[in-house]
There are 2 protein chains.
Amino acid sequence: MAKSVTGPEIERLIQILARLPGLGPRSARRAALHLIKKRETLLEPLATASREAAERVKVCSTCGNVDTSDPCTLCADPRRDESVLVVVEDVSDLWALERAGAVNCRYHVLGGTLSPLDGIGPDDLNIASLIDRATAEDSTVREIVIAVNATVEGQTTAHYIVDRLEGIAVRITRLAHGVPVGGELDYLDEGTLAAAIKSRSAV
Amino acid sequence: MAKSVTGPEIERLIQILARLPGLGPRSARRAALHLIKKRETLLEPLATASREAAERVKVCSTCGNVDTSDPCTLCADPRRDESVLVVVEDVSDLWALERAGAVNCRYHVLGGTLSPLDGIGPDDLNIASLIDRATAEDSTVREIVIAVNATVEGQTTAHYIVDRLEGIAVRITRLAHGVPVGGELDYLDEGTLAAAIKSRSAV
């Protein structure tokens, strides 16, 4: 859009929105226009919410979660099982597990996966701090659940972490592979079907 | 997402982003996390840009465009042809025509289409101000291009406007129907093909 069509304020808003995942240039324009039309109910609240988030949100120095407190709500919650540590790639995975109510324990966010091609090595992920949490003298960790994505990068990272944890007296587990709940066999890949057969259970 | 997972600031940001067109709850969470991770390059600029837009953007009292000045840049531009008025449904249509560089004249934004079922009548659109612009004593308007969408609602609105403009000494035109540039005949609907044949031109 040429600068002459509208003021630089709208143009800047469009450019920022276009950098969000899931929004391209066209949908960013639609979103900006929608915001401008709903100034009081949407644009002003967005300005306030993003300012507050920018000022108050921090990364938990223990687990890598994002929250307004450090340690985060999950690390500070005394009702959570301290003996189990769920290792995830990203905060979004932590949120997904919490939405599912799948576990009630502590987390450790790696912040990505090993990717030599992108120059991401072990030092770029929160792996050293994971080893520290598992080996500290006052450590309460008895089990580490490696809950990374079932992708090549995720599994490579999982292998590396298992290697690094060797010799440490914690139980190391990983998520089960199998048929997703609600999934149809006909649409599943061979790897998933093979894993589901291999890990079949008695009924 | 339960409130215990993260602070209310992030939750509020997600809720606002989820109300943007093109973003659902899941993509809003991804977008919020992306913003938080890029605090300095994305979240803070978004806070500033949305605050500035909320404070400075206004609706042009002449044409209905959104801009930081009133009259807007387009209405105030002396190089534009004052004798032609392009009537569009929405500011996004005005932006689209400007991006295309299709015209260099004035606009009039209706702010929607007639929709009796939704309770949107002529008084809810900027139709009275259009008539005023066409009939004012010092009016320079010689042609009104009705550039509404080629939808049922758009065409209903176009018919209504043509009726209202009857007897006023301006030329009323509408956009051409035909094959979109780059379009394949096999994928076009019958109405478009019929219109393209009917309006065929000599080569």
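This note sets out, point by point, the main features of a predicted model with chains A and B.

1. **Composition of chain A.** The secondary structure of chain A consists of eight helices and six strands. Read from the N terminus, the elements follow the order α-α-α-β-β-α-β-α-β-α-β-α-β-α. The reader may wish to trace this order in the structure before turning to the individual residues.

2. **Overall dimensions of chain A.** The C-alpha trace of chain A spans about 65 × 50 × 35 Å along its principal axes. The radius of gyration of chain A is 22 Å, whereas a compact globule of 203 residues would have a value near 17 Å. Of the 203 residues in chain A, 33% count as buried.

3. **A buried residue in a strand.** I144(A) belongs to strand β5, which covers residues 143-146 of chain A. Is I144(A) buried or exposed? I144(A) counts as buried because 23 C-beta neighbours lie inside 10 Å, and the cut-off for a buried residue is 20 or more. Leaving aside neighbours within four places in sequence, I144(A) is in contact with L85(A), V87(A), A134(A), L165(A), V170(A) and I172(A). In the case of L85(A), the separation from I144(A) is 59 residues in sequence, yet the C-alpha to C-alpha distance is 4.8 Å.

4. **A buried residue in a helix.** I14(A) is located in helix α1 of chain A. I14(A) also counts as buried, because it has 23 C-beta neighbours inside 10 Å. When neighbours within four places in sequence are left aside, the contacts of I14(A) are with A28(A), R29(A) and A32(A). I14(A) and P25(A) are 11 residues apart in sequence, and their C-alpha atoms are 7.6 Å apart in space.

5. **A residue that touches the other chain.** H34(A) has its place in helix α2, residues 25-37 of chain A. H34(A) is partly exposed, because 16 other C-beta atoms lie within 10 Å; the partly exposed class falls between 12 or fewer for exposed and 20 or more for buried. Which residues does H34(A) touch, not counting those up to four places away in sequence? They are L20(B) and P21(B).

6. **The contact between the chains.** How many residues does each chain bring to the contact? Chain B supplies 48 residues and chain A supplies 48 residues. On the side of chain B that touches chain A, the elements giving two or more residues are α1 (8-17), α2 (25-37), α3 (39-56), β2 (66-67) and α5 (91-100) of chain B. Of these, α3(B) gives the most, with 14 residues. By class, this side of chain B comprises 25 nonpolar, 10 polar and 13 charged residues.

7. The same surface serves both copies, since 100% of the contact residues of chain B recur in chain A.

8. **A helix pair across the contact.** Two packed helices are described by the angle between their axes and the distance between the axes. The axes of α1(A), residues 8-17, and α3(B) come within 9 Å and cross at roughly 150 degrees. The crossing of α1(A) past α3(B) is left-handed. From α1(A), the residues E9(A), I10(A), R12(A), L13(A) and I16(A) take part. They meet L42(B), P45(B), L46(B), A49(B), S50(B), E52(B), A53(B) and R56(B) in α3(B). This contact of α1(A) with α3(B) has eight nonpolar, one polar and four charged residues.

9. **Cis peptide bonds.** In chain A, the peptide bond from D70(A) to P71(A) is cis, with omega near 5 degrees. P71(A) sits in the loop between β2 (66-67) and α4 (73-76) of chain A. In chain B, the bond from D70(B) to P71(B) is likewise cis, with omega near 5 degrees, and P71(B) lies in the loop between β2 and α4 (73-76) of chain B.

Conventions
Residues are numbered from 1 along each chain as its sequence is written. Chains are lettered from A and ligands numbered from 1 in the order in which they are written. This is a predicted model: local features need pLDDT of at least 70, side-chain atom pairs count only at pLDDT 80 or more; totals for chains, interfaces and linings use all residues. Two residues are in contact if their C-beta atoms, placed from the backbone, lie within 7 Å. Helices (H or I, at least four residues) and strands (E, at least two) are DSSP runs, numbered from the N terminus. Ala, Val, Leu, Ile, Met, Phe, Trp, Tyr, Cys and Pro count as nonpolar, Asp, Glu, Lys and Arg as charged, and the others, Gly among them, as polar. Axes are lines fitted to C-alpha atoms, for helices over the stretch in contact, and angles run from 0 to 180 degrees between N-to-C directions. A crossing is left-handed if the near helix is turned anticlockwise from the far one by less than a right angle, and right-handed if clockwise. The radius of gyration is taken over C-alpha atoms; the globule rule is 2.2 Å times the number of residues to the power 0.38.
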